[in-house]
Amino acid sequence: FQTGTPEVEPVMFVEQPDPPTITGSAPDGILGVPYAGYTYTVSGGMPPYVVTQRSGTLPPPLLLSSSGVIGTQTPTQLGTFNFKLRATDSNSLYDELDDSIDITAMMLVSAHLSANPASLASDGTDWSGSFISGTGLVDSTIVFGTPENFIGSTRDNTRTPIRTADFGATWDAGTGDNQSNAGGARNGWYSGSQDTILIAQGLSSGLLRSTDRGATWENIAGTFTSNGVCSVGDTWISSVYSAIGHTNEISASVDAGETWSAGASPADFSFQLGTAVWSHGGIARFGGTNAALTAPRIVKTPDGIALTVETLPATTGTWLPCICAGTIDAEDVWVAATEDGEILYTVNGVWTLSTDTMGCLPAGVVFNGKVFVMVGGSNAAGDANGYVKSSPNGKDWTTRKTVAFTTNDIIYGVAVMGLT
């Protein structure tokens with residue numbers, strides 16, 4: 001008995017639709033500068049599409065639209081921002097994309113070149129630009145940043161400090177009290193928590209204060225002299241080399257410089273050489289030299305009262321013209337330099353000597369959220385060139401710009417916008 005081969009009926013499967021794809025890579029941005037905006041490309045699948053942020057964070061206050069467009073808001077926070085996007089089509093199929101945006105800060109180098117004051121702006125990566133003598137610019141021995149402009153303290157004690165909001169193209173002077181030190185101020189510091197600026201004017205010259213980012217100035221603490229000033233939170237901390245009743249002390253103020261503590265003296269330490277000062281991560285560090293003026297010293301303090309003098313590697317230099325800090329891969333890294341161009345940096349909080357050097361008298365160092373930049377050079381000190389050098393970690397340094405000097409040329413320093 002034979003039944004034969006059963007008949008097989010073919011089954012037709014419905015072709016599955018393809019999912020969409022999302023591609024693109026948003027550009028990096030600059031603190032305080034409107035973002036360029038960016039549109040991701042979504043294709044395939046079944047339109048219309050909806051783009052959403054699945055995880056991570058965009059740089060505040062940037063916004064993502066449902067069509068995959070990042071807006072042109074102005075970034076207010078530094079850092080690397082990682083995020084995941086999802087593009088979903090009308091079939092509820094989707095594709096995902098990982099992307100990131102770095103937000104860094106603009107830098108401004110201050111100099112005197114070919115008998116003229118000059119400045120050079122950079123994002124810390126591109127140094128191909130030229131020094132310019134912006135309208136209203138006068139020689140400024142120090143320049144420092146606020147979230148919206150750069151402030152320059154001039155060498156003219158008949159003027160108030162000057163400021164620029166367009167990265168050195170134009171400068172204008174504030175109103176109020178003039179600077180009182182004809183040789184130029186020692187340093188300036190902006191406190192973000194108080195929206196206040198203090199400028200240390202050196203021996204017998206008091207402090208200048210502005211509470212409106214350089215629009216108006218007042219001379220305060222006239223009997224108090226400051227070689228360097230910074231803030232830790234709402235506490236201002238200042239170094240004093242020599243004043244009536246004060247020698248080689250660090251003092252603190254909790255009222256924006258109106259009154260100062262009696263002062264504490266770090267052991268075997270002198271502020272006679274060097275005005276290096278920086279605050280980062282709840283700690284202020286001041287650079288100086290030992291009492292014999294033969295070796296550099298750094299003192300750290302959280303409040304201007306508790307002082308710790310740190311151990312440094314052996315150097316040929318005897319004092320520290322500059323110091324700063326930044327956070328790299330969740331670690332606070334500090335960088336300093338001696339007058340001989342030796343570069344020091346911290347590894348797990350321990351000061352170490354880099355094998356790289358500046359090759360000139362260092363004038364300043366800053367961190368813009370991505371790289372350290374150190375500048376320097378003085379023809380009067382015997383330097384044939386000025387240099388701009390950068391480092392991703394404080395250890396390894398690369399020359400970004402060489403400036404051939406003529407008589408009396410000098411690079412005064414470098415500032416970063418909106419970090420302090």
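## Two hairpins around strand E28

E28 and E29 make a hairpin with four residues between them, and Gly341 in that turn has a positive phi of about 90 degrees. A quick word before going on: the model is predicted, local features need pLDDT of at least 70, side-chain atom pairs count only at pLDDT 80 or more, and totals for chains, interfaces and linings use all residues. Residues are numbered from 1 along each chain as its sequence is written, and side-chain values use heavy atoms, with hydrogens and water left out.

E28 runs antiparallel to strand E29 (residues 342–347), and three bridges join them; two strands pair if DSSP finds at least two bridges between them. Ala337 has Ile343 in E29 as its bridge partner. E28 also forms a hairpin with E27, this one with two residues between the strands, and Asp329 in the turn has a positive phi of about 50 degrees. Here the antiparallel strands are joined by seven bridges, and Gly326 stands opposite Val333 in E28. Five of the seven residues of strand E28 (residues 331–337) are buried, so the strand is largely enclosed by the rest of the structure. Buried means under 20% relative accessible area, exposed over 50%, and partly exposed in between (1.4 Å probe, protein chains only).

## The whole protein

What does the secondary structure come to? It comes to zero helices and 35 strands. Helices (H or I, at least four residues) and strands (E, at least two) are DSSP runs, numbered from the N terminus. The C-alpha trace spans about 125 × 45 × 45 Å along its principal axes, and of the 420 residues, 49% are buried.

## An open sheet

Four strands make an open sheet in the order E2-E8-E7-E5, with mixed pairing. At the edges stand strand E2 (29–30) and strand E5 (50–56), each with a single partner strand, so one side of each has no neighbour in the sheet. Strand E7 (residues 79–88) and strand E8 (residues 94–104) pair in the antiparallel sense over ten bridges.

A charge counts as over a ring if NZ of Lys or CZ of Arg is within 6 Å of the ring centre and within 35 degrees of the ring normal. Lys389 likewise lies over the face of Tyr387, at 5.3 Å from the ring centre.

## The second largest pocket

The second largest pocket holds about 550 Å³ of space. Of its 27 lining residues, Leu78, His280, Gly326, Thr327 and Phe367 are the closest to the centre. The elements that give two or more residues to the lining are E7, strand E16 (187–191), strand E20 (228–232), E23 and strand E27 (322–328). E27 gives the most, with four residues. By class, the lining has ten nonpolar, 14 polar and three charged residues.

How is that worked out? On a 1 Å grid over the protein atoms alone, a pocket is an open set of points where a 1.4 Å probe fits, with protein on both sides within 12 Å along at least five of seven lines, and lining residues have an atom within 4 Å of a point. Grid points are joined across faces, edges and corners, and a volume is the space filled by probe spheres set on the points. Ala, Val, Leu, Ile, Met, Phe, Trp, Tyr, Cys and Pro count as nonpolar, Asp, Glu, Lys and Arg as charged, and the others, Gly among them, as polar.

## Aromatic pairs

There are five aromatic pairs in the structure. In one of them, the rings of Phe271 and Phe286 have their centres 6.3 Å apart and their planes at 80 degrees, so the pair is edge-to-face. Phe271 lies in the loop between strand E22 (246–253) and strand E23 (277–280), while Phe286 is in strand E24 (residues 283–289), so the pair ties together parts that are 15 residues apart in sequence. Rings of Phe, Tyr and Trp (its six-membered ring) pair if their centres lie within 6.5 Å; planes under 30 degrees apart count as stacked, over 60 as edge-to-face and the rest as tilted.

Are these two rings' residues buried or exposed? Phe271 is buried at 1% relative accessibility, and Phe286 is buried with a relative accessible area of 1%. Together with Phe269, they form one aromatic cluster.

Ser122 belongs to strand E10 (residues 116–122) and is buried, at 3% relative accessibility. C-alpha to C-alpha, Ser122 is 13 Å from Gly145, and the two are 23 residues apart in sequence.

Strand E11 (residues 140–145) is mostly covered, with six of its six residues buried. A hairpin of four residues joins E11 to E12. E11 pairs with strand E12 (residues 150–154) in the antiparallel sense over five bridges, and Gly145 has Phe150 as its bridge partner in E12.
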